[in-house]
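Me: Let's walk through this model, one short exchange at a time. Please show it to begin.

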Amino acid sequence: MTSSIKAVHIIGGGLAGSEAAWQLASASVPAVLHEMRPMRPTEAHQTDSLAELVCSNSFRSDDAHNNAVGLLHEEMRRANSLIMRAADTHKLPAGGALAVDRHGFSAAVQSALLAHPLVTLERGEIAGLPPEDWDSVIVATGPLTSPALAEAIARLSGEASLAFFDAIAPIVHYDSIDLSVAWKQSRYDKGGPAGDGADYLNCPLNKEEYETFVAGLLTGEKTEFKEWETSTPYFDGCLPIEVMAARGPDTLRWGPMKPVGLRDPRTGRRPWAVVQLRQDNALGTLWNIVGFQTKLKHGEQRRLFRTIPGLQGAEFARLGGLHRNTFLNSPRLLDGQLRLKAMPRLRFAGQITGCEGYVESAAVGLLTGRFAAAERLGLASHLPPATTAMGALLGHITGGADATTFQPMNVNFGLFPPIDGNLRGKERKQALAARALRDFDTWLAPRPLAAE
Ligand SMILES: Cc1cc2nc3c(=O)[nH]c(=O)nc-3n(C[C@H](O)[C@H](O)[C@H](O)COP(=O)(O)OP(=O)(O)OC[C@H]3O[C@@H](n4cnc5c(N)ncnc54)[C@H](O)[C@@H]3O)c2cc1C
C-alpha cells in the first residue's frame with residue numbers, strides 16, 4: 001500500500017521497536033523497521049527473529065490488580081499492543097506469571113508486522129547517526145546497541161560513553177523501612193546543594209551484626225557471569241560489595257558502610273558500621289542502598305539485606321546486579337516525549353531509555369510509537385497520566401528519577417503518586433491499580449492518539 005504520509009524509521013526490531021512499528025502502522029503512519037541481525041549479531045540474541053526474548057521466557061506477574069507489571073500488561077492490552085497480543089496467544093502454564101513459547105511469540109510478532117501493508121522491514125546495521133532526511137526516527141536498539149551507533153549517540157549527547165558495566169544497587173520501598181531503627185542524617189549533617197543535613201536513612205550495625213553480615217556476603221551464592229561478560233573488567237569505583245568484603249574484614253567499614261560523621265539517636269553514639277540509603281525518586285517512595293552493587297543471587301540478597309537492622313521487613317523495588325548495558329541518562333537527555341533534546345528528530349524507546357525488562361521495554365516502545373504517530377499526523381501529543389503504569393514509568397525515565405544515580409528500573413508501585421495514606425499492603429496496591437485503570441481508560445477514550 002502506498003501512503004502520502006512520510007515514513008517514520010525505527011532502528012532495532014526488538015521488543016520496543018516491534019511494538020513502536022505496530023503502533024505507527026495502526027495509526028496509519030508508515031514505518032520502516034531496521035534490524036541488523038542476522039548480518040550483525042549481538043552477544044545475546046540467538047536468532048534473526050523480531051522481538052526475540054534473549055533470556056527468560058517470562059513476562060512476570062499477570063495480576064493487574066496487585067502487581068505493577070501485571071497492571072502494565074493490562075494497560076498495554078487496552079492500547080492495542082502487538083507484544084501483548086502475541087504473548088497472550090502463545091502463553092504457557094506458569095502459575096500467576098505470563099510465560100510464553102518464545103519461538104511462537106517472536107514468530108507471531110514478526111508475521112503480524114510483515115503482513116501489515118504499512119510496515120517495511122530492512123535488514124542491516126545503522127552504523128552511525130541516521131541520514132538527515134530521516135526526519136523522524138525511533139532508536140530502539142536495546143542494551144546491546146551496536147558500538148558504532150552507541151558511539152555516535154554518545155558524541156551527540158555529550159556523554160563519554162553509553163556502554164556501561166552496569167552497577168546496580170538494590171532499591172527499597174520507603175514504607176517498608178523500620179523508622180524506629182533507621183534515622184535520617186547526612187554524614188557530619190552536611191546540607192549540600194539540595195539537602196537539609198538529614199538526607200540519608202541510616203541503619204546501624206554493632207560489631208557482631210557487621211561480622212555476621214560480612215561472613216554472609218563471602219559465603220552467599222553469586223550469579224555467574226555470562227561468557228561474554230567475563231572479559232569486561234570491574235571499575236574500581238563500583239566494585240560489588242562481596243568483592244570489597246573479600247579484600248579484608250574492615251574494607252566495608254572503611255568503604256560504603258563507614259560510620260564516621262553519624263550518631264545513632266537511640267544510643268547517642270557512633271555505630272560500629274552503617275548502611276545508608278539515599279532517596280531515589282522525586283516522590284521519595286524509593287530509596288537505594290548506597291554502594292551495595294552486588295552479584296549475589298536475588299534470593300540471597302533478600303535474605304541477607306533483611307538481616308540489616310531497620311531493613312528486616314524491606315520490600316525491594318529492584319535487586320542489585322552487574323551486567324553490561326547501554327542506556328541513556330534519560331532524565332537529563334530526553335524530553336517528556338522521549339526525544340533527544342540535542343536532536344529532537346531522534347526519539348528513544350526500550351531499554352536504552354533506562355527502563356528494565358521485556359514488558360517495560362515494549363511499553364516504552366508503545367508510547368514512543370504513539371508519540372511519533374501523533375506528531376506525523378499533526379495531532380497534539382497526549383501523555384498518559386502519572387497515575388497509570390505507563391505514565392509512572394514514563395515520568396520516572398524523563399524526569400522523576402535522580403539523574404546523578406539513574407539506573408535501569410522495572411515498573412513498580414513506588415513510581416506511582418501516593419494514594420490515601422491509611423491504605424497499606426494489598427489494599428494500597430489494589431487502590432493504586434484501580435485508579436490506574438480508570439485513568440488509563442479516560443486517557444484512551446476521547447481519541448486513540450491525541451487530545452486537544
Ligand atoms: C543478556 C540479557 C538478558 C536479559 N534477560 C532479561 C530477562 O530475562 N527478562 C527481562 O524482562 N529482561 C531481560 N533483559 C533486559 C531487557 O528486557 C531485554 O534486553 C529487552 O529485550 C530489551 O528490549 P529492547 O527492545 O529495548 O531491546 P532488544 O530486544 O535487545 O532489541 C534491540 C534490537 O536492536 C538491534 N540493533 C542493535 N543495534 C542496532 C543497529 N545499530 N542497527 C540496527 N539494529 C540494531 C538488535 O539486534 C536487537 O534486535 C536482558 C538483557 C540482556 C542484555
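Me: Which strand holds Met343?
Reply: Strands are DSSP runs of E with at least two residues, helices are runs of H or I with at least four, and both are numbered from the N terminus. Met343 sits in the stretch 343-348, which is strand 17.

Me: How far apart are the C-alpha atoms of Met343 and Ala182?
Reply: This is a predicted model, in which local features need pLDDT of at least 70 and side-chain atom pairs pLDDT 80 or more, while totals for chains, interfaces and linings use all residues. Numbering runs from 1 along each chain as its sequence is written, and side-chain values use heavy atoms, without hydrogens or water. Along the chain, Met343 and Ala182 are 161 residues apart. Their C-alpha atoms are separated by 44 Å.

Me: Which residues does Met343 touch?
Reply: Contact means heavy atoms within 4.5 Å. Leaving out residues up to four places away in sequence, Met343 touches Leu129 and Leu156.

Me: Which residue does a cis peptide bond join to Arg37?
Reply: Most peptide bonds are trans. Here omega is about 5°. The cis bond joins Arg37 to Pro38.

Me: Is phi of Ser28 positive or negative?
Reply: Most residues other than glycine have a negative phi. Ser28 lies in the loop between helix 1 and strand 2. With a value near 70°, phi of Ser28 is positive.

Me: How much of the accessible area of the ligand does the protein cover?
Reply: Polar contacts pair N or O atoms within 3.5 Å. A polar side-chain atom of Glu35 is 2.6 Å from a ligand oxygen, and a backbone N or O atom of Gly357 is 3.2 Å from one. Areas use the Shrake-Rupley method with a 1.4 Å probe. Of the 980 Å² that the ligand has on its own, the protein covers 92%.

Me: How much space lies in the largest cavity?
Reply: A cavity is a set of points on a 1 Å grid, over the protein atoms alone, where a 1.4 Å probe fits but cannot get out; lining residues have an atom within 4 Å of a point. Points join across faces, edges and corners, and volume is the space filled by probe spheres set on them. The lining of the largest cavity includes Ile171, Asp280 and Arg318. Its space is about 50 Å³.

Terms used: 1 Å grid on protein atoms, 1.4 Å probe; cavity = no way out; pocket = protein on both sides within 12 Å on 5 of 7 lines; lining within 4 Å. Polar contact = N/O pair within 3.5 Å; in protein donor to acceptor, adjacent residues only side chain to side chain.
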